[in-house]
Amino acid sequence: MALAPLLLSRLTGRGIVPKVAKGLMESLGVDTVRERLDEVERLIAGKKVPGPGFFVSFIRSPDDYRPPPARQQVAVRAQVAAPPRLLEAEADPDQAARERFASLSAIERAQETVRSLRVVYGNRLDAGEYRKLGDVLEVEALDATLLRAEAARALTMGTCDNQVALLRVQLATFS
């Protein structure tokens with residue numbers, strides 16, 4: 001089964017360990033995991049962000065967290081009354097995550113990128129290298145979106161060591 005690098009990046013960005021994220025995608029399917037992650041993100045929007053265990057639990061058993069059936073019936077009736085939308089293009093499921101990331105300030109993007117890369121690369125980089133990476137990202141000398149995509153790809157392909165070596169070369173060019 002092919003894993004979705006952007007979805008994997010979203011899951012690890014929520015603090016879910018890569019091995020668990022891959023297991024969810026393999027056992028439930030990429031589309032199911034994406035739909036459930038979208039749903040839980042809608043449910044927690046504007047609220048305190050829960051830990052990774054909550055996300056894993058929701059993805060595995062969403063019915064435990066959904067509203068009671070009475071509320072769902074009202075929502076279903078409201079959906080039935082809405083006119084059908086013909087020829088509507090299907091939205092990219094990862095688009096919301098990309099838009100949220102793009103809306104962050106350079107400093108916030110740098111911090112989130114360093115957090116994500118720490119999850120993927122772990123102790124392959126030391127604290128000083130992560131600090132330097134954060135500094136370089138804050139001034140937008142490296143593309144945070146590209147680094148996140150490369151990390152997700154390295155995670156799915158098992159090439160994290162190679163990607164860290166390339167990242168070290170890039171960091172060495174900055175003083």
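Visitor: Where does R109 lie?
Guide: R109 lies in helix 7; helices are DSSP runs of H or I with at least four residues, strands are E runs of at least two, and both are numbered from the N terminus. The model is predicted: local features need pLDDT of at least 70, side-chain atom pairs count only at pLDDT 80 or more, and totals for chains, interfaces and linings use all residues. Residues are numbered from 1 along each chain as its sequence is written, and side-chain values use heavy atoms, with hydrogens and water left out.

Visitor: Is R109 buried or exposed?
Guide: R109 is buried, at 17% relative accessible area. Buried means under 20%, exposed over 50%, and partly exposed in between, using a 1.4 Å probe and protein chains only.

Visitor: Which backbone oxygen does its side chain reach?
Guide: The side chain of R109 reaches the backbone oxygen of L104, at 2.4 Å.

Visitor: And what is R109 in contact with, leaving aside neighbours within four places in sequence?
Guide: F101, A102, L104 and E140. Contact means heavy atoms within 4.5 Å.

Visitor: Switching to salt bridges. How many does the structure hold?
Guide: The structure holds 9, a salt bridge being a side-chain nitrogen of Lys or Arg within 4 Å of a carboxyl oxygen of Asp or Glu.

Visitor: What does E112 form a salt bridge with?
Guide: R100, with the closest N and O atoms 2.6 Å apart. This pair links distant parts of the chain: E112 is in helix 7 (residues 106-121) and R100 is in helix 6 (residues 95-103), 12 residues apart.

Visitor: Buried or partly exposed, those two?
Guide: E112 counts as buried at 13% relative accessibility, while R100 counts as partly exposed at 39%.

Visitor: Which residues do salt bridges with shared partners join into one network?
Guide: R10, R14, D38 and E41.

Visitor: Take R10 and E41, then. How far apart are the closest N and O atoms?
Guide: They are 2.6 Å apart in that salt bridge. R10 sits in helix 1 (residues 5-13) and E41 in helix 3 (residues 30-44), so the pair links distant parts of the chain, 31 residues apart.

Visitor: How accessible is R10?
Guide: R10 has 8% relative accessibility and counts as buried. E41 is partly exposed at 21%.

Visitor: One more: where do D31 and R34 lie?
Guide: Both lie in helix 3, 3 residues apart, about one turn of the helix. D31 is exposed at 51% relative accessible area, whereas R34 is buried at 13%.

Terms used: A polar contact is a pair of N or O atoms within 3.5 Å; within protein, one must be able to donate a hydrogen and the other to accept it, and residues adjacent in sequence count only if both atoms are side-chain atoms.
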